[in-house]
Every structure is written in structure tokens, then in C-alpha cells.
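Subject: Structure handover

Hi there,

Here is the structure I promised to pass on to you. Please have a look at it first, and then read my notes below.

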Amino acid sequence: METQRVAVIIEDDKDIRDLLNAVLQQSGFKVFTAPNGTEGVEVVRTHNPTVVTLDLGLPDIDGFEVIRQLRLFSDAYIVMLTARAEELDTLMGLEAGADDYITKPFRPRELRARISAMLRRPRGSEENATTAPQPAVPDAAGASAESTTPTAPAAAASAQTEITEAGHFQHNGLSLDFSTRTTEVDGTPVELTRTEFELLHAVLESGRRVRTKTDLVRRLRGDEYDAGGFISEADERTVEVHVGNVRRKLGDDSRSPRWLETVRGVGYRLAPSR
């Protein structure tokens, strides 16, 4: 029997907290709530949720600090809910380790869609116990209109990335194991969030084939094909921030990349072998 997923709501407004509770329970989650950041961190520590919704305007500690504390021990998906429309706040939250954001007032349907998209892509420890990954089969986003000739990601990567076994990539001292969702640089473990891991995996499996920002947004949403859904500049900016986080954690230099090479105005691809 499948274990019920857990969600934690960190929100000081009771009305919004009750609404989130109802939305997440309807989506099949067992829900725990906290009215402030300090309690929220402990609730996450206790219940190890899959998803955390976090209000940035908390009464005790800063929401950005909550994200930083959670990332010390949790790989839960963190969705920021904020009344602040300024881009700087969003970028600060993403750089601290959040996965996505929704601006208040929000529509419950949008929140459910965002969370459903995140849950379609983890394929982490809970799925790998029963299903081996198949990296040689391209996702439709990777074979969308940006590429005129469909090419399997594993085949595209083969010239640049050593694939030692299914789902295990090695390139310029970087090792990524999809089955265990672990990453190492020169033998040293690197802790990535689930979103960061998925982005790195997408670039590694594509090799020198460029992954556009639009393509990567679809990948993170779990879209199996280009359904014509709207992708905003903010969505693409979110990908840029996540890629920046990956580079920082790997110790990569965007001016002389070892792994993630920027194709200006388009997206990203794997840097050449060294």
C-alpha cells in the first residue's frame, strides 16, 4: 500500500492556513500546520514532508531564514506564498533553496497544479525501489520544437558524458546517480535540492544538445509534451536562479564552465569534456 504523502503549512494567517489545509487534504496529503517559522522548522523536522508551503511574511523569523534552516536537513519541495510582488523577494527565496512561488491572493487550482507538477518529476527513492530509470528514452520536452531531429538524450550525451550504467552519469569529475539521487564532484558529495538535481540531470542526459529555458520549465512542470501552456519571463528567470544555485554548489564558473555552459539568449548545455 502506498504511503500517504505529508505536507506542512507554515502560515500565520489562520484563514489562509485553513484554505491551504483544505486544498492539500483534497489533494491526498496528510497535513500538519504551524503559525510561525520556529514551529514550522520543527514540524518539518518531525514529519519529514514531501511538500512545504511557506509564507515569507512570518511574525517571528524571516521566511528566507526558514528556507535556509530547512535546507540543512530537508529535501522537501518548498513553495513560497507571498504578498510581496517584488522580483527581489522571489529571487532571494529561490536562491535560499525554495523550488517555486505563488503570489497572494492565489487560486487553489493553481496551487494544486504547481504541486502536482513537482510530484510528477521526483522519481526518487520512493519510486526507484520498484522502477529502474530509463534515461535513454527522451522526454517529449527534450524533443520539442527546439530540436528539428529527435535524438535520445542518452545518445546525445554519449559523446560528452560517460554513462557507466542506467541513470549514472560521469563528466569532468562530476558524478550523478539517478537511482540514488546523489551527486559528487571529484568524490565529494554535493547536496542539491530536488529541483536542482532534476535540472542537472536534464543537462547531463542531453550532452551538447541545448536545453532551452522554456524546455527546462516544462521539464520541471512534468509536462510530457508541449501543450502550449503559457511560460512567462518569471518562469524562465526561476530556471536561471536554479541553474545559478547548481553552479554555486558544484563550484562551477560560468565564465569558464566545467559542466554547465550558457548559450546566451537560449539556454544551457553540457560543457565540453576536459
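**What I found**

Strand S1 is largely enclosed by the rest of the structure, because five of its five residues are buried (buried means under 20% relative accessible area, exposed over 50% and partly exposed in between, with a 1.4 Å probe and protein chains only). Helices (H or I, at least four residues) and strands (E, at least two) are DSSP runs, numbered from the N terminus.

Before I go on, a word on the basis: this is a predicted model, where local features need pLDDT of at least 70 and side-chain atom pairs count only at pLDDT 80 or more, while totals for chains, interfaces and linings use all residues. Residues are numbered from 1 along each chain as its sequence is written, and side-chain values use heavy atoms, with hydrogens and water left out.

Back to S1. In a regular strand the side chains alternate between the two faces of the sheet. Here both faces are covered: Val-6, Val-8 and Ile-10 are buried on one side, and Ala-7 and Ile-9 on the other. S1 pairs with S2 in the parallel sense over five bridges (two strands pair if DSSP finds at least two bridges between them), and Ala-7 has Val-31 of S2 as its bridge partner. S1 also runs parallel to S3, joined to that strand by four bridges, with Ile-9 opposite Thr-53. Together, S1, helix H1 (residues 14-26) and S2 form a right-handed β-α-β unit; right-handed means that, with the strands pointing away from the viewer, the path from the first strand over the helix to the second runs clockwise.

Ile-10, in S1, is buried with a relative accessible area of 0%. Leaving out residues up to four places away in sequence, Ile-10 touches, among others, Gly-37, Gly-40, Val-41 and Val-44, as well as Asp-55 (contact means heavy atoms within 4.5 Å).

After H2 comes Asn-48, with a positive phi near 45°.

Asp-55 lies in S3, and UniProt, in an unreviewed entry, places the feature "modified residue: 4-aspartylphosphate" there. UniProt positions are given in the numbering used here, feature names are shortened, and annotations may be inferred rather than shown by experiment. Is Asp-55 buried or exposed? At 6% relative accessibility, Asp-55 counts as buried. Apart from neighbours within four places in sequence, Asp-55 is in contact with Ile-10, Glu-11, Asp-12, Gly-63, Leu-81 and Lys-104.

Val-79 belongs to strand S4 (residues 77-82) and is buried, with a relative accessible area of 0%. Its C-alpha atom is 5.1 Å from that of Tyr-101, 22 residues apart along the chain.

Finally, strands S7 (residues 168-171) and S8 (residues 174-177) pair in the antiparallel sense over four bridges, and Gln-170 has Ser-175 as its bridge partner. Two residues lie between the strands of this hairpin, where Asn-172 takes a positive phi near 50°.

Best wishes
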